[in-house]
Amino acid sequence: MMISYDKQLIKTDVEIKKMQEAGRVNALVLKEIKSMIKPGITTKELDIVAESIIRDHGGIPTFKGYPGPYPYPATLTISINEEMVHGIPSGRVLKEGDIVSVDCGTTLDGYIGDSAFTKGVGEIGKEKSRLIQVTEESLYKGIEYMRPGNHIGDVSAAIQEHVESHGYHVPRKYTGHGVGRKMHEPPQVPNFGVPGQGILLQVGMTIAIEPMVLVGTPKTKVLSDQWTVISADRSLTAHYEHTVAVTANSPLILTRVREN
Ligand code: MG
Ligand code: MG
């Protein structure tokens with residue numbers, strides 16, 4: 001049986017090249033921000049640098065002005081410790097032992113790259129390092145299933161299985177997503193699922209895979225700033241993300257500094 005896909009789900013090779021260019025600039029930003037994460041720097045300082053790198057490359061910060069409870073006010077989301085995603089850069093100073101999740105989106109020539117990482121500030125010890133490592137590993141476990149003929153549920157289940165086998169949790173409310181001309185396109189890609197379920201992956205789909213991991217429980221809540229999402233029990237959290245294209249061959253990670 002032929003399955004027809006909504007046009008917005010499938011990108012041409014030309015579109016994927018454009019997304020790869022946006023993703024490359026986005027990766028340059030995250031590389032620079034990663035190198036700046038040290039005790040004593042404020043999250044606002046990081047945000048200013050991120051915006052200038054994007055604009056120097058002719059891009060637009062995708063998150064800035066993004067619709068929500070009010071337009072998102074910054075280039076990065078910077079989420080510290082129990083903050084899982086959508087933390088707003090501010091005068092807050094990073095401290096030794098914090099773990100910091102940085103998410104960035106770059107729009108270039110109309111196409112978007114969306115990616116995130118978590119890094120410790122100074123010395124963080126084994127438990128926090130393990131949380132970060134398992135979260136990063138789960139991203140690559142999910143990406144491995146981004147192949148034609150697999151289903152979204154295969155990607156989701158691979159992430160969930162890896163995270164939960166280490167005693168951690170994935171949120172139910174926040175998911176990965178299709179990405180392209182818009183930051184959030186169908187399909188949703190939960191970090192939990194059942195192998196073989198969900199839509200079939202097809203060459204030309206571009207998806208932001210983004211495991212979010214909580215130490216305590218899957219439950220989250222939103223702070224009074226209406227953007228910042230924290231773990232409900234205030235346990236530690238981590239977040240990794242890449243924008244990935246399904247190709248006839250291996251999954252193609254678009255948010256990298258160098259083409260692969
Ligand atoms: Mg993101
Ligand atoms: Mg995303």
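Glu-51, Arg-55 and Lys-64 are joined in a network of salt bridges, where a salt bridge means a side-chain nitrogen of Lys or Arg within 4 Å of a carboxyl oxygen of Asp or Glu. This is a predicted model, so local features need pLDDT of at least 70 and side-chain atom pairs pLDDT 80 or more, while totals for chains, interfaces and linings use all residues. Residues are numbered from 1 along each chain as its sequence is written, ligands are numbered from 1 in the order in which they are written, and side-chain values use heavy atoms, without hydrogens or water.

Glu-51 meets Arg-55 at 2.8 Å, N to O. Both sit in helix α2 (residues 43-56), 4 residues apart, or about one helical turn; helices are DSSP runs of H or I, at least four residues, and strands are runs of E, at least two. Lys-64 reaches Glu-51 with its closest N and O atoms 2.6 Å apart. Lys-64 is in the loop between β1 (60-61) and β2 (76-80), so this pair ties together parts 13 residues apart in sequence.

**The magnesium site**

Donors here are N, O and S atoms within 2.8 Å of the metal (3.2 Å for Na, K and Ca); water is not among the atoms, so sites may look incomplete. Asp-114 also coordinates the magnesium ion (ligand 1), 3.1 Å from ligand 2.

His-177 is buried at 4% relative accessible area, and Glu-210 is buried at 7% (buried is under 20%, exposed over 50%, partly exposed in between, with a 1.4 Å probe and protein chains only).
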